[in-house]
Amino acid sequence: WTQEELDQFLDSFMLEDEHDKEYYEYFYTFSKTGMRPNEFRALQVKDIQGEYLIVNKDITSKISGAGDIIQPVKNEYSVRRVIMPTEVIELLLERTKGYKPNDFIFGKEKAFRESNLRRSLDKHIKVAGVKHIVLYGFRHSHATHLIRSGVPIKVVSQRLGHKDISTTINTYWHLLKDDEKKALEAIKTS
């Protein structure tokens, strides 16, 4: 999504409805992280450390009948600290007042269910009238926004938890082609 589409989506939530407010807070903060969906769902109160969110686990429900299972992240490069804007950290600290360190930021004793997140996402996509994306689309939208804003590709790669910069370049090459055109223009004018 573009920033406009994200804003339209977030504006579709009725914040006076406590249930809607919880999902708004989820999607708002998720959109600021660049995390994989299951990394974000696995965040616990203890993972809020100063201005950072600590990524060191994810959560899966793919094992039939087992419920949600906490597991290590995808690879050693996925373990990272993700710096967050002050307003996001403040929102998370406010929402988790009275929570225990091992409580999930979203869901408390049990993490938000992926099926409920998808249902809320689909509902608000319709209400907002924006193009359909899946949960992973928030990660791609975040990375796209950073790259288009001129954030160095190495920083984007580290924030996303990619094994190496080539993964980021290969995934977002279509955005980097614009930089190639800028280089050509700079050469022509010098």
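**A friendly note on Gly 107 and its protein**

1. Let's start with one residue. Leaving aside residues up to four places away in sequence, Gly 107 touches Arg 95 and Phe 112. Keep in mind as you look that this is a predicted model.

2. Where does Gly 107 lie? You will find Gly 107 in the loop between helix 4, residues 86-95, and helix 5, residues 114-128. Across the chain, Arg 41 is 66 residues away from Gly 107 in sequence, yet the two C-alpha atoms are 8.9 Å apart in space.

3. Is Gly 107 buried, exposed or partly exposed? Its relative accessible area is 28%. Buried means under 20% and exposed means over 50%, so Gly 107 counts as partly exposed. For the protein as a whole, buried residues make up 45% of the 190 residues.

4. Now step back to the whole fold. The protein has nine helices and five strands. Follow the sequence and the order reads α-α-α-β-β-β-β-β-α-α-α-α-α-α. Among contacts with a separation of 6 or more, 58% join residues 24 or more positions apart.

5. Next, the overall dimensions. The C-alpha trace spans about 60 × 40 × 35 Å along its principal axes. A compact globule with 190 residues would have a radius of gyration near 16 Å, and the 18 Å of this protein agrees with that.

Definitions and conventions. Residues are numbered from 1 along each chain as its sequence is written. This is a predicted model: local features need pLDDT of at least 70, side-chain atom pairs count only at pLDDT 80 or more; totals for chains, interfaces and linings use all residues. Side-chain values use heavy atoms; hydrogens and water are left out. Helices (H or I, at least four residues) and strands (E, at least two) are DSSP runs, numbered from the N terminus. The radius of gyration is taken over C-alpha atoms; the globule rule is 2.2 Å times the number of residues to the power 0.38. Buried means under 20% relative accessible area, exposed over 50%, partly exposed in between (1.4 Å probe, protein chains only). Contact means heavy atoms within 4.5 Å.
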